[in-house]
Amino acid sequence: MHKHLKNCSPSRQDEAEQQILVETGELSTSVIQGNFVIDQERSRLDSLDIATMMIKHGYPLTMVQHEFFVKNFRPVFKLYSKDLVEADVLAICRREKEKLINFFDKLSCLLSLTLELWSSTDKMMTYCCFTVHFIDDGWQLKKKILAFRNLRYNYDMGTVHEVFKSVLTEWSINKNVRFIFLDITPPNDHMIGELRSKVSDQAPPIHGHLFCVPSYAHILSLLVQDGFSEIRSVLYKIRECIEYVKGSSLVRQRFQEAINNGSLQDREMPTLDVAARWDTTFLMLESSLEFRTAFNHLEQLDDDFKVNPSAEEWNKATAVFECLKEFYNSTCNFPISRDDYFLSVRDVYKNLQGWKQSDYVYVRAMANRMKGKFDEYWGEASLALGISAVLDPSFKLDIIEYGYRQIYGSDADLHLSRFRYDLTCAYHKYAKDISNQGPSSSAMADVGRCTSSDISFKEWRKGKNERNMVHSQWNELDQYLQLPPPENLDKDGNVLAWWQDNARNFPILGKMARDFLAIPVSTVISKSSEVMKMASVHDGVPPEIAEALICGKDWLDSPNWK
């Protein structure tokens, strides 16, 4: 550029510098200043580019009004209003949404849906996020955020259900959703049950009943809440202790003496928890137990310190904490594969069984309540997640047998027999769907029981051929289960690659694999990703704009939808 300027004739430079900026208010005006050219006919296109940039990078929309940003983005540039960019954001999202709706309409598989609700820190707003999971025609596992809605702090499950129905209708996927996982923060067992009832009552029958259960993360949260309920009064006192220490400089000085006396200088001071997040309550309990001796010493130094838990209460909190630590560790190392999931479930059952034998009455009571909740969850979730494990060619029924023997002990054979029966029934329904047979299984059974005087020879032969077809289809499941485990199959996606190569050999199981392997083992998706951060960045913007920014970023990250 420097060489070009040196060689450029003065007359041409002078001519360029003498061009006048013409403000006509028309987008068709071309402007030249110095060596920089701006075609105002591209103004609208430029604004769409800016809106796309805002969406993809999560920038706040007010950024377009910063003069420094505009001048550095382009020396001569029309200053866009936030309202114009908001309109462009909505237009972009409508375009991308239409692409995705067409994509889902052509997709030949069922969908898994996660519905997550969590409250803002001040509890004034509840966010509702819908994410769909599926395996595309290229056997790639995908997930897309369908909607991100803001609910009032005093919402009820009727409101959530209306939002649920509207989202499915907007996306035209009412008949395609088979598996639904629910996750509410803070956890609420009653609300989950009410929403499940509303959703299941109005769900269309798709290859059997709709699978609608709380997520694994949510059920663990409910178990933790059972533990907290055992020490509710102790937690209240711990919060009072933390507040008291923060109350005055004199108290802080005395507490520091207590810390020094207990050699706790290198430990992090306890902090208050956030009511909507159980993990913060756990960490508050953990740090407070570490400072137990300091609180006891402060009680001796300060006659006004009346809220310190008693020795019995500290002991009770310690016993419950040791139990809850298992769940906290599970959430920190959440299972991402199906074998890890079954091992995690096994560990929960082993822990519950051990706690039921505790010397402490309150631990035994806690364990019994936890086991009742977990039995209900596992009774509903085990089939679908078990089938998805069987459809992993490296595990098949072996992982089920291993897990069930660990979980059920002497009753394992009974539960294994039930699982095999349910697996066969699920396979049979897929087989009928693919072969497009008219008679249902019950109708075929009735035909088989009929005598020659009840039906004609032609009808009898037709029924026999249909029964033989079903038996030959059942052999596909048997053949798959008898195959040796494939070599070099790991957890990094080769399972789907195996099915892509073998779906022609097992067309019925291949259809099942696309549906069941899309089930998310872990549903800690939105809250553990950037969605919560984006929600806070766009806090204060109109709800429809916040949804467009969050969903749009997700959709633009995968632009090549066909």
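Of the 562 residues of the protein, 46% count as buried, meaning under 20% relative accessible area, with exposed over 50% and partly exposed in between (1.4 Å probe, protein chains only). The model is predicted, so local features need pLDDT of at least 70 and side-chain atom pairs count only at pLDDT 80 or more, while totals for chains, interfaces and linings use all residues. Residues are numbered from 1 along each chain as its sequence is written, and side-chain values use heavy atoms, with hydrogens and water left out.

On the secondary-structure side, the protein has 23 helices and seven strands; these are DSSP runs (helices H or I, at least four residues; strands E, at least two), numbered from the N terminus. As for contacts (heavy atoms within 4.5 Å), take those between residues at least 6 apart in sequence: 70% of them join residues at least 24 apart.

Next up is a helix pair. Helix H13 (residues 311-332) packs with helix H15 (residues 361-390) at an angle of about 30°, the axes being 10 Å apart. Axes here are lines fitted to C-alpha atoms, for helices over the stretch in contact, and angles run from 0 to 180 degrees between N-to-C directions. That angle makes H13 roughly parallel to H15, given that angles under 35 degrees count as roughly parallel, over 145 as roughly antiparallel, 65 to 115 as roughly perpendicular and the rest as oblique. On the H13 side, the contact is made by Asn315, Lys316, Ala319, Val320, Cys323, Leu324 and Phe327, and on the H15 side by Tyr362, Val363, Met366 and Met370.

H15 also holds Tyr377, which counts as buried at 4% relative accessibility. Leaving aside neighbours within four places in sequence, Tyr377 is in contact with Pro214, Ser215, Tyr216, Ile219, Tyr341 and Leu385.

Over in strand E3 (residues 111-119) sits Ser112, buried at 1% relative accessibility. Not counting residues up to four places away in sequence, Ser112 touches Thr131, Val132, His133, Phe179, Asp515, Ala518, Ile519 and Pro520.

Finally, helix H20 (residues 494-502) has Val495, Leu496, Trp498, Trp499 and Asn502 as its buried residues. They cover an arc of only 155° around the axis (taken from the directions from the helix axis to the C-beta atoms), which puts them on the same side of H20.
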